[in-house]
Amino acid sequence: MDVPFTQWETFKWSVSMLLVPWVFWLPLLWFGAFVRTFPSPPPSYLGLWLTPTVLTIAYMISWIMLIDRPRVVRERMQKSQFHGGKKPGEPREEKRAQIILLIQSLVVLFGSSYDAVNRDPWPNPVYGMGAIMMILSMTLMSWVLRENAFASKVVYKQEGQVLMTTGPYTLVRHPFYTSLIPFVLGLPLVIGSYWGLIPALLCIPTLMWRAYHEEKFLVQEFDTAYKQYQHKVPYRMFPGLF
């Protein structure tokens, strides 16, 4: 059973959702642009300010959707697995996939900013399409997290864990990864970069590889129940494809 948020937790995570785009994402974007214009400071460009604005909206929508799901929020907000050691029963491929995705994400972020600072702005509809993709992605991921209280940053054995087969899990077996893809592809569009789409697209096979290896753990953990679920929902991430 979920233990409700304390007042401090509600305040802390509400403020975090508002500040993270501006104190974390914005400096990273600025640094990517600065590498391109060094030794001169980078000029301001639309994507530099639009990206944290879109992220703030997306994060707040996610927080509103998850404010009554304290267990999954606490799990997602835990200290990074890179510093916390291996979780019980965590497959070794999990940390490897995390590291690869982290590197790819940083390449998308820095590469897009590096490219966008000296590029003519997109037509406004392209920025709008990227913003819609990112906000829709965060909304879909939040739907998945609402449905699955055991969704964690890495797959591992959790006490009382049950197999999720409802909501988005009736469509594909790894809906969180499917929902993440519009965010990754929308980010370069909001920043204003053509070249950022290349590393963004490369994140997709990494997510597919991660989903493939996670299934080995899930079959071991849930045995016949998961095999029946695989038969009922035959696709991991993309209906009709994978």
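## Glu215 and helix H8

Glu215 lies in helix H8. In this predicted model, Glu215 counts as buried, because its relative accessibility is 3% and the cut-off for buried is under 20%. Setting aside neighbours within four places in sequence, Glu215 contacts Arg173, His174, Tyr226, Gln230 and Arg236.

Glu214 pairs with Arg210, and their closest N and O atoms are 3.5 Å apart. The two residues are four apart in helix H8, so about one helical turn separates them. Both ends are buried: Glu214 has 8% relative accessibility, and Arg210 has 7%.

## Other salt bridges

The count of salt bridges comes to seven. One of them joins Glu9 to Arg74, with the closest N and O atoms 2.9 Å apart. This pair links distant parts of the chain. Glu9 sits in helix H1 and Arg74 in helix H3 (residues 70–76), 65 residues apart. Glu9 is buried at 13% relative accessibility. Arg74 is partly exposed, with a relative accessible area of 24%.

Asp68 and Arg69 form another salt bridge, at 3.1 Å between the closest N and O atoms. Arg69 is partly exposed at 23% relative accessibility. Asp68 is also partly exposed, at 42%. Salt bridges with shared partners join Asp68, Arg69 and Arg146 into one network.

## Overall fold

The chain has nine helices and zero strands. From the N terminus, its elements run α-α-α-α-α-α-α-α-α. The chain has 242 residues, and buried residues make up 47% of them. Among contacts with a separation of 6 or more, 81% join residues 24 or more positions apart.

The chain exposes about 12,600 Å². Carbon and sulfur atoms supply 68% of that area.

## Nonpolar surface patch

Leu18, Leu19, Trp22, Val23, Phe24 and Trp49 form a nonpolar patch on the surface. Together they have about 580 Å² of accessible area. Helix H1 (residues 7–37) gives the largest share of the patch, five residues. Trp49 belongs to helix H2 (residues 46–66). Trp49 is partly exposed, with 42% relative accessibility.

Val20 lies in helix H1 too. Its relative accessibility is 28%, so Val20 counts as partly exposed. Beyond residues up to four places away in sequence, Val20 touches Trp25 and Tyr59. The C-alpha atoms of Val20 and Thr56 are 8.1 Å apart, although the two residues are 36 apart along the chain.

## Aromatic pairs

A search of the whole structure finds 11 aromatic pairs. One of them is Phe34 with Phe38. Their ring centres lie 5.5 Å apart and their planes meet at 90 degrees, so the pair is edge-to-face. Phe34 is buried at 19% relative accessibility, whereas Phe38 is exposed at 58%.

Trp122 and Tyr194 also pair edge-to-face, because their planes are at 65 degrees and the cut-off for this class is over 60. Their ring centres are 4.5 Å apart. Trp122 lies in the loop between helix H5 (92–116) and helix H6 (124–147). Tyr194 lies in the loop between helix H7 (175–191) and helix H8 (197–222), so the pair ties together parts that are 72 residues apart in sequence. Trp122 is buried, with a relative accessible area of 11%. Tyr194 is partly exposed, at 47%.

Phe5, Trp13 and Trp63 form one aromatic cluster. A charged side chain also meets a ring: Arg36 lies over the face of Tyr114, at 4.8 Å from the ring centre.

## Backbone features

The peptide bond from Phe38 to Pro39 is cis, with omega near 10 degrees. Pro39 is in the loop between H1 and H2.

Asp223 has a positive phi, near 55 degrees, in a residue other than glycine. Asp223 sits in the loop between H8 and helix H9 (224–232). Its relative accessibility is 42%, so Asp223 counts as partly exposed.

Definitions and conventions
Residues are numbered from 1 along each chain as its sequence is written. This is a predicted model: local features need pLDDT of at least 70, side-chain atom pairs count only at pLDDT 80 or more; totals for chains, interfaces and linings use all residues. Side-chain values use heavy atoms; hydrogens and water are left out. Patches are made of residues with over 30% relative accessible area and no salt bridge: like charges are joined within 9 Å, nonpolar side chains (Val, Leu, Ile, Met, Phe, Trp, Tyr) within 5 Å. Accessible areas come from the Shrake-Rupley method with a 1.4 Å probe; for residues, only the protein chains shown count as cover. A salt bridge is a side-chain nitrogen of Lys or Arg within 4 Å of a carboxyl oxygen of Asp or Glu. Buried means under 20% relative accessible area, exposed over 50%, partly exposed in between (1.4 Å probe, protein chains only). Contact means heavy atoms within 4.5 Å. Rings of Phe, Tyr and Trp (its six-membered ring) pair if their centres lie within 6.5 Å; planes under 30 degrees apart count as stacked, over 60 as edge-to-face and the rest as tilted. A charge sits over a ring if NZ of Lys or CZ of Arg is within 6 Å of the ring centre and within 35 degrees of the ring normal.
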